[in-house]
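Q: I would like to go through this structure and see what its descriptions rest on. Please set each value against its definition.

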Amino acid sequence: MSRFSLVHEEVWYPFSESITEWEFDFHSLLLNDSPRMSAYKAAIFSAVQPGSVVVDLGTGTGILAVWAFQAGASHVHAIDFNETVLLQAKKHVAENGFSGRCTFYQDISYRVQLPEKCDLVISEIIGNIGDNEDFLAILKDARQRFLKPDGRLLPEKVVSYLTPVEALSAHDQIGLNICRVVNRSYDLTHLLARNNINSRFDIYYDTVIPDDALLGAPTRLREFRFGDEEQPEYEVEIELSILRHGVLTGFKGHFVAQLTEDVALDISSGDIAADRVSCSWKHAYFPLKSPFSVAEGDRIVMRFSRSYPAHNQFLRQVYRWSGTIFRNDLPVHMFEHGMDAHASPNTKEFNSS
């Protein structure tokens with residue numbers, strides 16, 4: 001098990017926002033993530049056929065490439081832009097006796113040219129809200145350039161969800177600037193400053209939200225199938241229903257990935273005791289600066305968007321979440337947050353009485 005134990009509502013640094021800086025401490029979380037490891041291993045052994053040529057996009061320490069070989073792959077093209085981690089992947093593949101059948105590429109996938117079309121692209125560049133590691137653009141490109149006409153992507157589909165939550169402890173930690181990290185190279189203050197984010201409440205966090213903190217049912221945010229028509233920048237409007245009285249402090253984000261036809265990976269669970277919680281993904285927690293007391297029957301009309309900043313950095317996106325809470329069809333509260341300098345961190349309140 002990981003030496004980083006899980007605690008409900010403990011606020012963690014948003015690691016998907018620093019994917020280029022991942023070190024072995026974070027990869028240890030990935031390798032000890034039971035739901036992640038078991039689902040991907042089952043999916044790879046289901047999808048790989050004897051003689052398959054496979055692309056492992058974002059190979060990391062190489063565990064998925066090793067499973068692909070064990071499942072019958074004849075060759076694996078392993079891609080990762082992190083030179084230090086790629087050296088570990090090479091060592092791992094060699095220790096398992098597959099180094100002569102694996103080609104390594106130290107680069108971003110957009111710049112990689114493969115010598116052949118492949119049968120399967122395997123990737124685990126999924127963030128805890130789905131697209132916060134830019135997987136849509138990356139996997140669309142991989143589908144077009146790396147796969148045979150009848151080739152397959154793993155995952156096949158990812159659906160992201162938002163749920164209103166009462167996470168009072170997590171909210172308090174953000175206000176007190178408490179944020180857990182795997183080591184001191186990850187610094188929230190530095191992350192906010194370099195991305196010109198105004199407030200600690202204008203970014204999401206990695207947090208395990210317990211099931212009893214939910215104020216409503218999950219609402220589907222977006223479905224990703226990596227088709228040509230899908231765009232990585234979007235704005236959607238969704239309506240969330242409040243099912244019990246409580247204090248709305250923000251929103252839980254999670255995904256369900258259909259890795260193959262018969263293997264799904266669902267990170268929604270908040271049941272730490274049952275060991276069903278992802279220790280690497282956790283959940284995405286989108287906070288509100290000003291909590292608001294809600295009642296059964298309230299509804300939230302919410303706009304959620306993803307865009308790239310004007311001066312786009314590699315693997316950098318801007319999320320915005322804003323909305324209005326209605327009670328008896330009257331607006332009683334508004335909120336607006338976003339990961340850019342143009343978003344207002346202030347919450348506006350309206351009294352319907």
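A: A place to begin is Val165, which lies in strand 6 (residues 157-165); strands are DSSP runs of E with at least two residues, helices are runs of H or I with at least four, and both are numbered from the N terminus. This is a predicted model, in which local features need pLDDT of at least 70 and side-chain atom pairs count only at pLDDT 80 or more, while totals for chains, interfaces and linings use all residues. Residues are numbered from 1 along each chain as its sequence is written, and side-chain values use heavy atoms, with hydrogens and water left out.

Q: Why is Val165 called buried?
A: Buried means under 20% relative accessible area, exposed over 50%, and partly exposed in between, with a 1.4 Å probe and protein chains only. Val165 has 0% relative accessibility, so it counts as buried.

Q: Which residues does Val165 touch, leaving out those up to four places away in sequence?
A: A contact means heavy atoms within 4.5 Å. Val165 has such contacts with Ile209, Ala213, Leu214, Leu215, Val247, Leu248, Thr249, Gly250, Phe251, Lys252 and Tyr285. Pro287 is 122 residues from Val165 in sequence, and their C-alpha atoms are 9.4 Å apart.

Q: What makes helix 3 mostly covered?
A: Of the 8 residues in helix 3 (residues 63-70), 7 are buried. They are Ile63, Leu64, Ala65, Val66, Trp67, Ala68 and Phe69. Just after helix 3 comes Gly72, with a positive phi of about 120 degrees.

Q: How does the span of helix 2 compare with the expected one?
A: The expected span is 1.5 Å times one less than the number of residues. Helix 2 (residues 34-47) has 14 residues and reaches 20 Å from first to last C-alpha, close to the expected 20 Å. Its buried residues include Met37, Tyr40 and Ile44.

Q: What does the chain contain in helices and strands, and why is it called as compact as a globular protein of its length?
A: There are 7 helices and 16 strands. The radius of gyration, taken over C-alpha atoms, is set against the globule rule of 2.2 Å times the number of residues to the power 0.38. The chain has 21 Å, close to the 20 Å that the rule gives for 353 residues, so it is as compact as a globular protein of that length.
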